[in-house]
Amino acid sequence: MDRKPGHLTKNPQDAVNALNWVKVVGVGSACVGKTCLVKHFCESKFSAGYQPTVGVDYGFKIQHCEGIDLRVHLWDLSGSTEYIDVRNELYIQADAIFLAFDVTNQATFDALDSWLKEIQRYTTGTPDLIVVANKTDLKQKRVISTNESKKWANQNRIKYFETSAATGDGVDRLFQDILVTIIERKKLWKKANPTG
């Protein structure tokens, strides 16, 4: 290297400021597959064994999207009511929030209204909201139809996606859409290419 020890070639603060940080939060009732969605996106993995999230789980991925490297922080919030004090702090400054429910469990769909109220109460700014119908691979057990799910999403002016964390179907499309929407809203392409 051609630099003297102790002399950086770039100002560390400028280097940090040049990074594009994104915060995505996942919420919904317990057992809907939030952790599996995050793990599939971050690690391309699926675990069939259920381990309830205690408080919060976290995922990180550097994702190249629309010519921009994003540092994506994924916060998977426990669906248990005892963790409301943890959840309400983590909604702050979220760029996007996805509300997940299990298409084989009516109660998780019915709970979407209360999750939406919690989000509206604790968020700052205007994060993008997405409703995610998960476990679509379990076609024989499905009790919430696509039409019913889409109707709820449309009534609440929220984007709608169907996914299967088990097969990976729809997971990449979900997160790609979330990230492209954030890039457009935050005008990150201008930060990456100030002259463009």
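1. Buried means under 20% relative accessible area, exposed over 50%, and partly exposed in between, with a 1.4 Å probe and protein chains only. The model is predicted, so local features need pLDDT of at least 70 and side-chain atom pairs count only at pLDDT 80 or more, while totals for chains, interfaces and linings use all residues. Residues are numbered from 1 along each chain as its sequence is written, and side-chain values use heavy atoms, with hydrogens and water left out.

2. Overall make-up. The protein chain has 8 helices and 6 strands; these are DSSP runs numbered from the N terminus, helices being H or I with at least four residues and strands E with at least two. Read from the N terminus, the order is α-β-α-β-β-α-β-α-α-β-α-β-α-α. Of the 196 residues in the protein chain, 45% count as buried.

3. Contacts and surface. Contact means heavy atoms within 4.5 Å. Among contacts in the protein chain with a separation of 6 or more, 71% come from residues 24 or more positions apart. The protein chain exposes about 10,900 Å², and carbon and sulfur atoms supply 50% of that area. Accessible areas come from the Shrake-Rupley method with a 1.4 Å probe, and for residues only the protein chains shown count as cover.

4. Helix α2. Of the 10 residues of α2, 7 are buried, which leaves the helix mostly covered. The buried residues are Lys34, Cys36, Leu37, Val38, His40, Phe41 and Cys42. Ser44 follows α2 and has a positive phi, near 55 degrees.

5. Packing of α2 and α7. Helix α2 (residues 34-43) packs against helix α7 (residues 171-186) at an angle of about 80 degrees, with the axes 10 Å apart. Axes are lines fitted to C-alpha atoms, for helices over the stretch in contact, and angles run from 0 to 180 degrees between N-to-C directions. The two helices α2 and α7 are therefore roughly perpendicular to each other; angles under 35 degrees count as roughly parallel, over 145 as roughly antiparallel, 65 to 115 as roughly perpendicular and the rest as oblique. Leu37, His40 and Phe41 in α2 meet Val171, Asp172, Phe175 and Leu179 in α7.

6. A buried arginine. Arg87 is found in helix α3. Arg87 has a relative accessible area of 3%, so it is buried. Apart from neighbours within four places in sequence, Arg87 is in contact with Leu77, Ser78, Gly79, Ser80, Thr81, Trp115 and Glu118.

7. A nonpolar patch. On the surface, Trp21, Tyr58, Phe60 and Ile62 form a nonpolar patch with about 380 Å² of accessible area together. Patches are made of residues with over 30% relative accessible area and no salt bridge, like charges being joined within 9 Å and nonpolar side chains (Val, Leu, Ile, Met, Phe, Trp, Tyr) within 5 Å. A salt bridge is a side-chain nitrogen of Lys or Arg within 4 Å of a carboxyl oxygen of Asp or Glu. Strand β2 (residues 56-65) gives the most to the nonpolar patch, with 3 residues. Ile62 is found in β2, and counts as partly exposed because its relative accessibility is 46%.

8. Positive phi in loops. Most residues other than glycine have a negative phi. Glu66, in the loop between β2 and β3 (68-77), has a positive phi near 55 degrees. Glu66 is exposed, with a relative accessible area of 53%. Gln93, in the loop between α3 (84-90) and β4 (96-102), has a positive phi near 60 degrees. Gln93 counts as exposed, at 62% relative accessibility.
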